[in-house]
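Hello,

Here is the structure for you to open. Please keep it on screen while you read the notes below.

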Amino acid sequence: MNVRGPVLRSHGPGLQFKTEDIELAAGPGETLVEMRLAAVTQQDRSVVAGKQPTQPFVPGSEGAGVVVGSALHEAGTPVVIRGEGVGVTRQGLWGRYAVVPDAAVHRLPAGLEPAAAVTLLTPALTAHTAVRRVAGVLEGESVVITGIGGLVGRLCAAVARSAGASRVIGLAWAGEPVDAVSGLVDQIVRVDELGQVGRELQWCDAAIDTVGGPVTSGVLGHITPGGRIAVLGYKAGEFTTIDLHQLIGRDLRVLPVNVQRTTLEPGAVGQALADIALARPRADAVLVAADRVGEVLDGSTIGGRVLLDLTTLN
């Protein structure tokens with residue numbers, strides 16, 4: 001199946017974009033997608049700055065749309081696109097249509113809006129990596145998540161719940177609102193301004209630490225023998241104190257979460273999106289017409305997380 005439609009092409013480093021009509025057709029192992037939205041990611045900014053492999057080049061590494069034609073994916077299926085070199089080593093998503101590898105196409109879970117899926121894809125994958133890959137949370141386990149009031153903390157709670165955790169305990173700063181995690185956690189434990197963890201914190205099998213500092217050492221004292229803590233942040237401080245007698249005696253594991261050095265396994269994107277759908281997240285992003293991409297990239301008038309409305313291209 002062939003289609004013709006406009007794309008945003010970069011013709012050199014910087015903001016040299018032109019809207020051009022091109023013809024697209026999916027070959028073997030490829031899917032043709034009618035695009036609706038695309039994120040403007042740091043990867044895209046790097047590509048536009050002059051690191052794209054060839055000229056001219058269509059950027060766009062993350063987006064959402066509907067399948068038009070594919071030997072693998074059913075036509076009309078809402079999908080998210082990410083990975084397999086899309087927008088990096090091969091043409092990207094900033095157009096009305098895109099041809100992408102089958103493996104870069106991930107079904108949009110029911111109940112998750114396309115804008116939320118694209119906006120939260122990166123933090124969702126961070127939460128997926130921390131909870132499922134590094135901490136290896138199993139069904140029936142009790143899990144503590146620090147920084148529960150933050151976005152990544154909230155998504156970690158959703159992933160842990162989806163992974164089958166029997167009890168999820170959230171740690172929040174004194175006075176911090178926690179309404180957003182209602183239904184995701186079984187208990188909230190407060191942390192004071194010095195990072196001291198409340199004594200009511202119960203024993204847990206695993207912990208996901210998004211804040212670091214003294215909170216890390218406080219949580220370690222509540223992990224059962226053979227348990228582990230996955231550390232992925234240090235907003236509360238880059239240094240912590242570890243009781244080696246406790247660490248060795250209880251056979252605890254301190255596991256760093258380095259997303260940049262973690263290769264996503266097949267199905268990770270779809271699993272991450274399905275996990276965070278439990279949290280019913282909303283997109284905290286600005287939707288702008290695709291032809292305003294220059295303003296987005298130079299930051300002159302539009303800041304924050306931005307989604308391009310690709311339906312406006314003509």
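A residue counts as buried when its relative accessible area is under 20%. Keep that cut-off in mind. Note also that this is a predicted model.

Start with strand β6, residues 97–101. Four of its five residues are buried, so by the under 20% cut-off the strand is mostly covered. Which way do β3 and β6 run relative to each other, parallel or antiparallel? They run antiparallel. Strand β3 spans residues 30–39, and five bridges join it to β6.

Next, go to helix α3, residues 121–134. T126 sits in this helix. Is T126 buried or exposed? Its relative accessibility is 15%, so T126 counts as buried. What does T126 touch, leaving aside residues up to four places away in sequence? The answer is V152, L232 and V259.

Now look at α3 together with helix α7, residues 268–276. Their axes come within 9 Å and cross at roughly 95°. Angles of 65 to 115 degrees count as roughly perpendicular, so that is how α3 and α7 lie to each other. On the α3 side, the contact is made by L121, A124, L125, H128 and R132. On the α7 side, A268, V269, Q271, A272, L273, D275 and I276 take part. By class, this contact of α3 with α7 has eight nonpolar, two polar and two charged residues.

Best wishes

Terms used: Residues numbered from 1 in each chain as written. Predicted model: local features only at pLDDT ≥ 70, side-chain atom pairs only at ≥ 80, totals over all residues. Heavy atoms only, no water. Buried < 20%, exposed > 50% of the residue type's maximum accessible area, 1.4 Å probe, protein only. Helix = DSSP H or I, 4+ residues; strand = E, 2+ residues; numbered from the N terminus. Pairing = 2+ DSSP bridges. Contact = heavy atoms within 4.5 Å. Axes fitted to C-alpha atoms, helices over the stretch in contact; angles between N-to-C directions. Parallel < 35°, antiparallel > 145°, perpendicular 65-115°, else oblique. Nonpolar A, V, L, I, M, F, W, Y, C, P; charged D, E, K, R; others polar.
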